[in-house]
Each structure stands twice: as structure tokens, then as C-alpha cells.
Amino acid sequence: MSVKQRVIKPKNQRTKRALEQRAPKLIENTKTAMFVRGGRTSEQVTQVLKELCMLKKPHAVMFKRKNIMRPFDDQTSLEFFSNMNDASLFLFGSHSKKRPNNLVFGRTFNNHILDMIEFEIQSFHSLKMFKNLKVTEGAKPCLVFAGELFENDTEHKRLKSLFIDFFRGETISNIRLAGLEHVISFTAIANTISMRGYRTVLKKSGCKTPRVELEEIGPSLDLIFRRTKLASDDLFKRASRQPKALKAKKKKNINVDVFGTTHGRIHMQKQDMGNLQTRKMKGLKRGAVEGSADDNKKAKMDDGDE
């Protein structure tokens with residue numbers, strides 16, 4: 001017997017709005033991240049979770065209670081929390097003798113774990129250690145990735161995609177220069193990922209465009225790779241698929257060069273130059289040319305008689 005899919009009917013307007021918020025859309029909502037504490041955490045892990053949660057706000061959910069779980073052994077609890085909180089991103093922190101100062105970045109697709117990458121915190125400098133101005137809460141950051149590994153290595157490519165999902169913020173079409181005040185840099189060196197936070201400072205340059213300087217504001221993290229659990233290529237391709245309605249339709253005979261200039265090609269029928277209409281001028285008429293030649297002849301004959 002075929003199993004019918006259960007349809008949830010809203011009982012009131014509040015439930016109806018919640019269901020509409022979770023319903024599939026052409027342009028999805030900004031992804032929410034969960035920050036989960038394990039059964040045992042160190043002071044350093046707790047502080048990292050709090051400060052990364054501050055960077056992700058307002059699209060963040062911080063779990064205050066401890067949750068005894070092992071993401072790489074059993075993902076059911078994380079998938080349950082993800083479904084309940086409508087959060088497709090998570091950061092899990094724990095501490096043990098075998099894996100001290102442990103962080104697990106991950107994301108879900110269709111309420112199931114898609115990717116998980118585990119790190120060890122090698123060094124950490126809090127926001128409080130940098131005595132300067134901070135950025136506005138919820139400001140969209142500029143993400144910078146440095147290192148050939150982000151382009152060549154498969155795991156680092158997937159990590160880059162995960163970090164972009166995690167820290168990108170809201171999807172916008174335009175941004176003003178003064179609004180670009182937060183920069184997050186990721187540097188890949190061997191088995192270490194260095195994360196740094198900066199604030200952009202606009203100074204006078206003597207011309208219309210200001211001089212941009214970076215001031216480190218934290219948090220500063222050095223992470224060491226531990227374990228990974230990545231989705232297969234087919235599953236990742238299905239998770240990255242875009243609706244047909246969002247794909248830009250290809251326009252015929254139009255291309256863009258490397259400098260961003262748009263070039264168009266126009267196809268025309270072969271033109272008969274014999275029937276080409278040109279501009280008419282009195283001086284080019286045949287009668288006018290013959291008349292002027294006769295006048296010149298008479299003038300020359302009169303000069304000879306004299």
C-alpha cells in the first residue's frame with residue numbers, strides 16, 4: 001500500500017504564518033545557524049561559540065543547555081534540532097581528553113546532515129583583547145580567502161563553500177562603500193586555517209575615492225583540521241541546484257568580454273549598393289556640371305579676343 005503524505009493544516013493565523021515561512025521559496029530566507037554546547041566544554045570553546053554567535057546575529061540560535069551528543073557517530077539529535085529551529089547551519093563545541101577544544105562546523109540539506117568538518121582550536125584571541133571600535137551588529141561581512149588550497153584541494157573547496165554559507169549574511173543586490181565595514185579573512189596554510197576579523201577605516205586620500213585601511217578587531221582563531229564527513233558529489237550537486245526560474249536566460253548574439261563590456265552581433269541581408277539612396281546635391285547633377293563647363297569655355301574665348 002502506498003503511504004499518503006500527511007498535510008498539516010494550520011489551526012490559527014500564527015501557525016499559518018510559521019508554515020508559510022518554512023515553505024520552499026524561489027529565493028530562500030537567510031540561513032540560520034545553531035550554536036550547540038556539548039556535554040562538556042572548556043571556557044575557551046564556550047567563548048568561541050558566544051563570539052561567533054555575535055557575528056552571525058540576528059540569524060543565530062544559541063543553546064544555553066548542554067547537549068550530550070557525538071555528531072560523527074549519531075546525527076539524529078542535530079537533525080532534530082535543525083528541523084525544530086528551522087536552522088540549516090550549526091556549530092557544535094565540546095571538550096574531552098581525546099579531543100580537547102573541539103569545534104564542528106556543519107550544514108544540513110532537507111533536514112539531513114550534508115557536510116561536517118571538525119577542528120581543534122590551536123589559539124584564540126577574544127574580541128575583548130582588541131581595545132578599539134567594533135562593527136555594527138548584523139553588518140554584512142566581506143569574506144576573503146587566501147591560499148592555493150582553497151582552489152586545489154577538495155576538502156578545502158568544500159570548507160570554503162561552508163564558510164561562505166555560514167558567514168555571508170543576507171543576500172543583497174547593492175551595497176554602499178560606507179556599509180562595507182566588516183572583513184573576515186580565512187588563510188589556509190598546510191593543515192591550519194587562520195580566521196581574522198577586521199574593521200574597514202575610510203581615510204582621506206586627496207581624491208574622490210577614500211583610502212581604505214584595515215584594523216584588526218577580532219575574533220582571531222587558528223584551527224587545525226581533524227575529521228571530515230562530506231556529502232557525495234551527486235548529493236552536493238542536488239543540494240546546490242537552482243530553480244529554473246532563477247537561472248538567467250541566455251541571450252543570442254550577445255557576449256561579455258573580460259573587461260565587462262557587452263558586445264552584440266547583428267545579422268543583415270546582403271545589400272545592393274547600386275540601389276543605395278545617397279544624399280542629393282545640386283552641384284552634382286549632370287545638367288549643372290555641363291552648364292558650368294560651357295560658361296568656362298565662353299569666358300576663355302572672350303579673354304582671347306581681347
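1. A quick definition to start: helices (H or I, at least four residues) and strands (E, at least two) are DSSP runs, numbered from the N terminus. With that in hand, here is a walk through the model. It is a predicted one, where local features need pLDDT of at least 70 and side-chain atom pairs count only at pLDDT 80 or more, while totals for chains, interfaces and linings use all residues. Residues are numbered from 1 along each chain as its sequence is written, and side-chain values use heavy atoms, with hydrogens and water left out.

2. Let's begin with strand β1, residues 33–37. Five of its five residues are buried, where buried means under 20% relative accessible area, exposed means over 50%, and partly exposed is in between (1.4 Å probe, protein chains only). Ala33, Phe35 and Arg37 point one way from the strand, Met34 and Val36 point the other way, and all of them are buried.

3. Now for the pockets. Rolling a probe the size of a water molecule over the atoms shows where empty space is left. The work is done on a 1 Å grid over the protein atoms alone: a pocket is an open set of points with protein on both sides within 12 Å along at least five of seven lines, a cavity is a set where a 1.4 Å probe fits but cannot get out, and lining residues have an atom within 4 Å of a point. Grid points are joined across faces, edges and corners, and a volume is the space filled by probe spheres set on the points.

4. The largest pocket has a volume of about 1,900 Å³. Its lining has 41 residues, with Glu28, Asn29, Lys31, Ser88 and Ala239 nearest the centre. The elements giving two or more residues to that lining are α1 (13–22), α3 (76–85), β4 (102–109), α5 (154–167) and α6 (233–239). By class, the lining splits into 14 nonpolar, 16 polar and eleven charged residues. Here Ala, Val, Leu, Ile, Met, Phe, Trp, Tyr, Cys and Pro count as nonpolar, Asp, Glu, Lys and Arg as charged, and the others, Gly among them, as polar.

5. The second largest pocket comes in at about 540 Å³. It is lined by 26 residues, and Met54, Leu55, Thr136, Glu137 and Gly138 lie nearest its centre. Which helix gives the most to this lining? That is α2, with five residues; α5 and β7 (182–189) each supply at least two. Twelve of the lining residues are nonpolar, six are polar and eight are charged.

6. Met54 and Gly138 are 84 residues apart in sequence, yet 8.4 Å apart in space, C-alpha to C-alpha.

7. Please check the Ser126 contact. Ser126 is in the loop between β5 (112–125) and β6 (142–146), and counts as buried at 8% relative accessibility. Its side chain makes a polar contact of 2.2 Å with that of Glu51. A polar contact is a pair of N or O atoms within 3.5 Å; within protein, one must be able to donate a hydrogen and the other to accept it, and residues adjacent in sequence count only if both atoms are side-chain atoms.

8. Last, the backbone. Most residues other than glycine have a negative phi, and most peptide bonds are trans. Lys57 and Pro58 are joined by a cis peptide bond, omega about 5°, with Pro58 in the loop between α2 and β2. The bond from Gly218 to Pro219 is also cis, with omega near -5°. As for positive phi, Asp86 has a value near 50° and is partly exposed at 38%, while Ala190 has one near 55° and is exposed at 61%.
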